[in-house]
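This briefing is intended to be read alongside the sequence and the coordinates displayed below.

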Amino acid sequence: MRYALVTGGSRGIGRAICIKLAAMGYPVVINYLGNQEAAEATKSAIEQMGGTAQLLRFDISNPQAIEEAIEMWENSHPNDYIAVLVNNAGIRRDNLMVFMQNSEWHNVIDTTLNGFFYTTRRVLKGMMTKRFGRIINITSLSGLKGMPGQCNYSAAKAALIGATKALAQEVAPRKVTVNAVAPGFIESDMTKELPKEELAKMVPMKRFGKPEEVASLVGFLAGEESSYITGEVISINGGLL
């Protein structure tokens with residue numbers, strides 16, 4: 001059976017993606033780290049709509065933890081594999097570079113960029129062996145245009161775009177697609193402290209996006225109809241350029 005793994009799947013955009021993939025018929029593996037309550041709530045929401053969900057706790061920035069968690073999952077699912085991977089987990093530690101601490105730089109890079117590498121490398125072999133896979137990387141408007149105060153976040157998200165384009169070429173012969181989704185301002189925990197009304201004025205549509213709108217795009221890229229789309233970065237930002 002083909003499963004979908006969503007990193008950082010307990011809240012916000014990740015939660016919406018989990019629910020969307022479950023609605024498409026995928027059994028969903030919800031990765032989370034600290035918020036057990038939110039992860040359980042997402043799992044419950046999927047089950048209430050008739051879907052299947054499992055929780056898989058691991059630190060996305062720790063390669064050993066990833067290895068152990070996915071090996072445990074594979075051992076308990078010998079006839080299944082992770083066919084859809086959504087690399088959604090990421091953190092912000094905003095600061096002007098002149099004041100940025102080493103930890104603020106490395107923590108963001110470790111979670112967003114290194115987490116993509118560790119997790120994707122671990123599940124890629126199964127996709128290539130089965131000759132079907134969908135890898136969807138959640139990047140950001142910050143990775144496309146850069147944002148002041150986010151040199152660390154912009155660097156990590158921009159690197160994720162480069163990795164998307166390179167990996168797509170490596171695995172295309174095995175019918176594995178690799179794409180990136182670049183949200184702009186989306187209503188979520190990550191943006192709740194931002195000055196929403198002021199920032200919305202910058203957006204041609206004059207509003208923040210909804211997590212469900214991002215999830216709909218991810219769902220399309222995870223499906224059969226997107227089989228000839230790979231190496232692309234698709235923005236979803238209300239026209240903000």
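**Briefing on the predicted model**

Just after helix α1, Gly25 adopts a positive phi of about 105°. The model is predicted. Helix α1 belongs to a right-handed β-α-β unit, together with strands β1 and β2. A further right-handed β-α-β unit is formed by β2, helix α2 and β3.

**Helix α1**

- Helix α1 covers residues 12–23, and its end C-alpha atoms are 17 Å apart.
- The buried residues of α1 are Ile13, Gly14, Ala16, Ile17, Cys18, Leu21 and Ala22.

- Strand β2 runs over residues 28–32 and is mostly covered, with five of its five residues buried.
- From β2, Val28, Ile30 and Tyr32 point one way, while Val29 and Asn31 point the other way.
- Strand β1 (residues 2–6) pairs with β2 in the parallel sense, over three bridges.
- Within this pairing, Val6 has Ile30 of β2 as its bridge partner.
- Strand β3 (residues 53–57) is also parallel to β2, and five bridges join the two.
- Here Asn31 has Leu56 of β3 as its bridge partner.
- The helix in the β-α-β unit of β2 and β3 is α2, which comprises residues 36–48.

**The largest cavity**

- A search of the whole structure returns one cavity of 30 Å³ or more.
- The volume of the largest cavity is about 30 Å³.
- The lining of the largest cavity consists of Thr7, Ile60, Asn87, Asn88, Ala89, Thr111, Thr112, Gly115 and Phe116.
- Helix α4 (residues 102–130) supplies the largest share of this lining, namely four residues.
- By residue class, the lining of the largest cavity has three nonpolar, six polar and no charged residues.

**The second largest pocket**

- The second largest pocket holds about 160 Å³ of space.
- It is lined by 14 residues, of which Gly209, Glu213, Ile236, Asn237 and Gly238 are the closest to its centre.
- The lining of the second largest pocket comprises seven nonpolar, four polar and three charged residues.

**Two individual residues**

- Pro78 is located in the loop between α3 (63–76) and β4 (81–87).
- Pro78 has a relative accessibility of 65% and therefore counts as exposed, since the cut-off for exposed is over 50%.
- Pro78 and Asn88 are 10 residues apart along the chain, and their C-alpha atoms are separated by 26 Å.
- Asn88 is also one of the residues that line the largest cavity.
- Val181 is part of strand β6, which spans residues 176–183.
- Val181 has a relative accessible area of 0% and is therefore buried, given that buried means under 20%.
- The C-alpha atoms of Val181 and Ile82 are separated by 20 Å, and these residues are 99 residues apart along the chain.

Key. Residues numbered from 1 in each chain as written. Predicted model: local features only at pLDDT ≥ 70, side-chain atom pairs only at ≥ 80, totals over all residues. Heavy atoms only, no water. 1 Å grid on protein atoms, 1.4 Å probe; cavity = no way out; pocket = protein on both sides within 12 Å on 5 of 7 lines; lining within 4 Å. Points joined across faces, edges and corners; volume = space filled by probe spheres on them. Nonpolar A, V, L, I, M, F, W, Y, C, P; charged D, E, K, R; others polar. Expected span 1.5 Å × (residues − 1). Buried < 20%, exposed > 50% of the residue type's maximum accessible area, 1.4 Å probe, protein only. Pairing = 2+ DSSP bridges. Right-handed = clockwise from strand over helix to strand, strands pointing away.
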